[in-house]
2 protein chains.
Amino acid sequence: MTYRAPLKDMLFAMNELAGLAQLSQLPGYEDATPDTAQAILEEAARFNEEVVAPLNRAGDLDPSSWKDGEVTTTPGFKDAFRQFGEGGWQGVLHPADFGGQGLPKLVATPCNEMLNAANLSFALCPLLTDGAIEALLTAGTDAHKQAFLPKLISGEWTGTMNLTEPQAGSDLAAVRTRAEPQGDGTYKIFGTKIFITYGEHDMAKNIVHLVLARTPNAPEGVKGISLFTVPKFLVNADGSLGERNDVQCVSIEHKLGIKASPTAVLQFGDHGGAIGTLVGEENRGLEYMFIMMNSARFSVGMQGIAVSERAYQQAVAYAKDRVQSRPVDGSAREGVTIIHHPDVRRMLMTMRALTEGARAVAYFAAAASDVAHQHPDEAVRRQNMALYEFLVPIVKGWSTELSIDVTSLGVQVHGGMGFIEETGAAQHYRDARILPIYEGTTAIQANDLVGRKTVRDGGAVARNLCAQIAETEAALGRHGGAAFTAVAAQLKQGREALEAVVQFVVDNTKSNPNAVFAGSVPYLKLCGIVLSGWQFGRAMLAADAKRAEDPSFHDAKIATAHFFGEHILSQAGSLRAAIVAGAEPVNALTAEQF
Amino acid sequence: MTYRAPLKDMLFAMNELAGLAQLSQLPGYEDATPDTAQAILEEAARFNEEVVAPLNRAGDLDPSSWKDGEVTTTPGFKDAFRQFGEGGWQGVLHPADFGGQGLPKLVATPCNEMLNAANLSFALCPLLTDGAIEALLTAGTDAHKQAFLPKLISGEWTGTMNLTEPQAGSDLAAVRTRAEPQGDGTYKIFGTKIFITYGEHDMAKNIVHLVLARTPNAPEGVKGISLFTVPKFLVNADGSLGERNDVQCVSIEHKLGIKASPTAVLQFGDHGGAIGTLVGEENRGLEYMFIMMNSARFSVGMQGIAVSERAYQQAVAYAKDRVQSRPVDGSAREGVTIIHHPDVRRMLMTMRALTEGARAVAYFAAAASDVAHQHPDEAVRRQNMALYEFLVPIVKGWSTELSIDVTSLGVQVHGGMGFIEETGAAQHYRDARILPIYEGTTAIQANDLVGRKTVRDGGAVARNLCAQIAETEAALGRHGGAAFTAVAAQLKQGREALEAVVQFVVDNTKSNPNAVFAGSVPYLKLCGIVLSGWQFGRAMLAADAKRAEDPSFHDAKIATAHFFGEHILSQAGSLRAAIVAGAEPVNALTAEQF
């Protein structure tokens, strides 16, 4: 078994930190009881461990390939994707009206984590399809919904997001793809899109491309972008597949990692125009695209957690197997398995603590999204939506940045063997490297966190979180005991650093944007560290209360929280210095001085 | 031009921080004046920029290949290596008696940095050859020296280090290769060695393998290891090549990076025994091997600096070229080159500051090695040798660990393009990953730093460094001005953290080794950060004094030092917490709890 879903930790985060029981009392979520959720997770674990995980290495060795406009995926992917669809896994989160299971995001999230841990490249296809479904649910016409949603949710068809163009990476204002109205409600689309994940493949009968383009006379910049559906095969009125549309995959990229996932260059309209239909209103494409992106950003954050978990498990397995050198404390005269060496433990604990911390924050965020959708009280919904939106760039940015460190440590634990491709540790290190880049780089996430999520409300959501963190500090202090007191102290200095930085951001973004944005990524990391530390503080209290039920698991949770406090939360002060005092030298050099 | 040697910064570090002028007054180094050194560096820059650097990408695309026991290197490597030898570059450091130039390590080190920055894979062959030369100079017989040294120093032949066996990675006590005396002064060698860099290749007429093996009845463990020379071709009395020896390359590894460098599995003695001769005395092989390893460890540290510099230059070039998004301060209405975005600057400054800091520490260490060899006063020699030996694990561990972060940032600066292999940024990220592993993992370096380099002398060398750092703090304080005062304050907290940690290490290693070794790598990193910060403090003072000579360069140095203080030196407190307070949770879990 190359991957085993960490069900205990997932259920702990869902039940003890994210409040699944309360969530299941909200209207619409009555079926999502803790028992049902556990049964679903167990089923997901079986499928991902047995069907999807074994294809991960195969995908690296025998990646997707392109020939004459067609993409052939890794042997086994097509069949696994059929099983994925038939098992209902694409629809966990989506409405029952269109064939989904309508479960909370808090239940769908661990399922996504498992799928991504099993196979990052494979999981990208459902990830992008989720985004397309969300956009059509929000802004699609009834015709769109009827034509596309049941097929997307059943896994018969898949979806894509077409944003990037050669001259427009992060900057959507520069999009040039054209959409010409044909007078019959359809448009002809012309342009080139790059970096289109699963933009062409052989796992589904049809691909629904969601494409950003400009109509004639549209305003310049992001206010003139509209969103269109451009299916690979046109869809007849009866739902059957019609003609092949004028969208061609002209090449796929040769990448550092996630090689099984085809990254396509798509050419629209080279043979008369690709037929598309408008989603929602003209010139509101960016808004709809953000719906897809918010979904995708959260999911990419889960990818970071997933690949970290996978790398951790592989490193632990190696460390328990590899015999090398006598222990430093002289407790054995022969070589021991390397998990007995303190530095190997430090590396494994770092991997474990970063991963568990990020998981707790992400699941907490998923629950906020659920409350924001289903709570009967509008004020509570609004408050939770603001909380969720604050957390999305942190889940995306922090969980993916740490996946670089975690997968790098995974290689290091393996020593020289880690550098040999056959070992498999290097694949995670290569695969993870895209995560802080796609769906908005960490800098883009950090800009969002500063601008829309902190300055716009004067730091209200951030300060509210700090107040809750202070309560946890107090509870840890009341509990007493060395580990609890130590974490309380580290949490306090972390929270105080965060408060100071939020004030700095709120005070200076308008007057000195270069100074604030010089520290925007450190601010995002500080949020990730402090919020993870907070969840660990809460986890310690919950683990202590439940200790008798499973002492080994709960003791490990407390020790991991303690480790996080001294080794990771302790970095808050340095980030504060970098943000508050460190902007000047970031901006000091002229371009020529670099 | 894909690489341009940073001559200004190299010469600044040599002249202002490592004291080249004083060094050139020592007996034997009279030729190494600053002017001569500059001329040598300029010549090295030309060769490496024009001949070696262009082969770096080719080596990744068309790596060394194995067929029927022979290894063919990347097209162009053989000719470049011939030019390298003919240019005298293998001999910069080595004695004139055997054809070398006999220059100080302080002059050889920037030459090595350039070679490695130009092409990490290519540079490994001379790197290992240097180690073989050092071992033979120290422990070889006259016959060894006459037979091998002129050919190795001229670059006609190359050398290797044969330590690792399948069951013995870092743990040399487990070496099993046998050496049977033949009664004629030779031995027959039998065994398998793995991970042998340039263990077989087509760039030289002969390969001199230095091999660890056990003689019959040798003591168990590391005290029973002897060192042998086993040339690929036996050498006749007249120096001509004789019969092919019984050493076969049975395969080479498929690696994450440094693909052009063949990593061989060597089989000794499958056809009757490989003929070897003893180096030095029986059972003292480990000691001699440490001579090679100390040379190689320092050089691998330089590899970390070199690949960081290369990645930095590539990222800067991209950032000055790529136009994307309007500036956050609204200073332009159009997209600008991304070097104008604060977070891109933050990433570039991080890459730059880490690299320059590590370079300054390494050059400072090289000078200490030179003084240790040539100073007329034995006490000064001894003191500088202790200093150099303290610094070697830091140069190796810190410079290579940071190269992971720097090359990762190099990918990030490129955005999505960084993940596409054609861009070349990903190669540095892959290549760098071996550096904290080979020639002793970071944990092995940290164990050395704790045991042999700190505890053995009761922390004397470390405390002496701290006293010198305090003097620099005072000088920065006397200078005044915001940047200088800020760096002084960060240096003070860093130095105090280091003092506290040294005390903790000295006090607890015997009584609680598991606690100390849980923090050994953080201790090594703390040393790297504080010593880099110290060199930056000295650099600020020197740059200010010399400002008028080149204001742009010296202002950039001061700003980079300021950046290092607030963004990197500020991490010292967190490392102190992790080391002094964080050991308990590192060791808390049972193996089963992972």
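How much area is buried between chain B and chain A, and what percentage of it do carbon and sulfur atoms give? In this predicted model, the two chains bury about 7,500 Å² between them. Carbon and sulfur atoms give 61% of that area.

View 1. F419(B), Y429(B) and F594(B) are shown. Together they supply 12% of the area that chain B buries against chain A.

**View 2. Polar contacts and salt bridges between the chains.** Across the interface, 31 residue pairs are in polar contact, with both residues at pLDDT 80 or more. Salt bridges between chain B and chain A number zero.

View 3. A rotation of 180° superposes chain B on chain A, with 0.0 Å of shift along the axis. The RMSD is 0.0 Å. The two copies are therefore related as by a two-fold rotation axis. Of the residues of chain B, Q571(B) comes closest to that axis. Its C-alpha lies at 3.3 Å.

**View 4. The contact surface on both copies.** Chain B brings 87 residues to the contact, and chain A brings 87 residues. Both copies use the same surface. Of the contact residues of chain B, 100% recur in chain A.

Technical notes: Residues are numbered from 1 along each chain as its sequence is written. Chains are lettered from A and ligands numbered from 1 in the order in which they are written. This is a predicted model: local features need pLDDT of at least 70, side-chain atom pairs count only at pLDDT 80 or more; totals for chains, interfaces and linings use all residues. Side-chain values use heavy atoms; hydrogens and water are left out. Contact means heavy atoms within 4.5 Å. Buried area is the accessible area (1.4 Å probe) that two parts lose on being put together, summed over both. A salt bridge is a side-chain nitrogen of Lys or Arg within 4 Å of a carboxyl oxygen of Asp or Glu. A polar contact is a pair of N or O atoms within 3.5 Å; within protein, one must be able to donate a hydrogen and the other to accept it, and residues adjacent in sequence count only if both atoms are side-chain atoms. Copies are superposed by least squares on the C-alpha atoms of residues with pLDDT of at least 70 in both.
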